[in-house]
Amino acid sequence: MAMTLRLTEEQDRWLTRLAEADGISKQEAVVRSILETAARRLHDDRVRELSKAGRSRYAALLDRLAQ
């Protein structure tokens, strides 16, 4: 699917630097950035869910340990 990406000059400079640092095209740098951000965000959401469940499950124990 085709898409036009409008960037400021500064954003384009950063994208160019990122692509050059990894030895890839700017298009590939954008795709990798999207995938990495999505994976990180989904991982962070899952960690929050597990943390909330753990705090709920072990609330009494955590309260005792805090004393």
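Helix H1 is followed by Gly 23, whose phi is positive, near 65 degrees. Helices here are DSSP runs of H or I with at least four residues, numbered from the N terminus. The model is predicted, so local features need pLDDT of at least 70 and side-chain atom pairs count only at pLDDT 80 or more, whereas totals for chains, interfaces and linings use all residues. Residues are numbered from 1 along each chain as its sequence is written, and side-chain values use heavy atoms, with hydrogens and water left out.

The mean pLDDT (the predictor's confidence in each residue, from 0 to 100) is 93 for the protein, and 100% of the residues score at least 70. The 14 residues of H1 reach 20 Å from first to last C-alpha, close to the 20 Å expected at 1.5 Å a residue; the expected span is 1.5 Å times one less than the number of residues.

Four salt bridges are counted, each a side-chain nitrogen of Lys or Arg within 4 Å of a carboxyl oxygen of Asp or Glu. The table lists three of these pairs.

| Pair | N to O distance |
|---|---|
| Asp 12 and Lys 26 | 2.8 Å |
| Glu 28 and Arg 32 | 3.1 Å |
| Glu 49 and Arg 46 | 3.4 Å |

Asp 12 in H1 and Lys 26 in H2 (residues 26–57) are 14 residues apart, and their pair links distant parts of the chain. Within H2, Glu 28 and Arg 32 are four residues apart and therefore separated by about one helical turn. Asp 12 is partly exposed at 29% relative accessibility, a class between buried (under 20% relative accessible area) and exposed (over 50%), with a 1.4 Å probe and protein chains only.

Definitions and conventions: Helix = DSSP H or I, 4+ residues; strand = E, 2+ residues; numbered from the N terminus.
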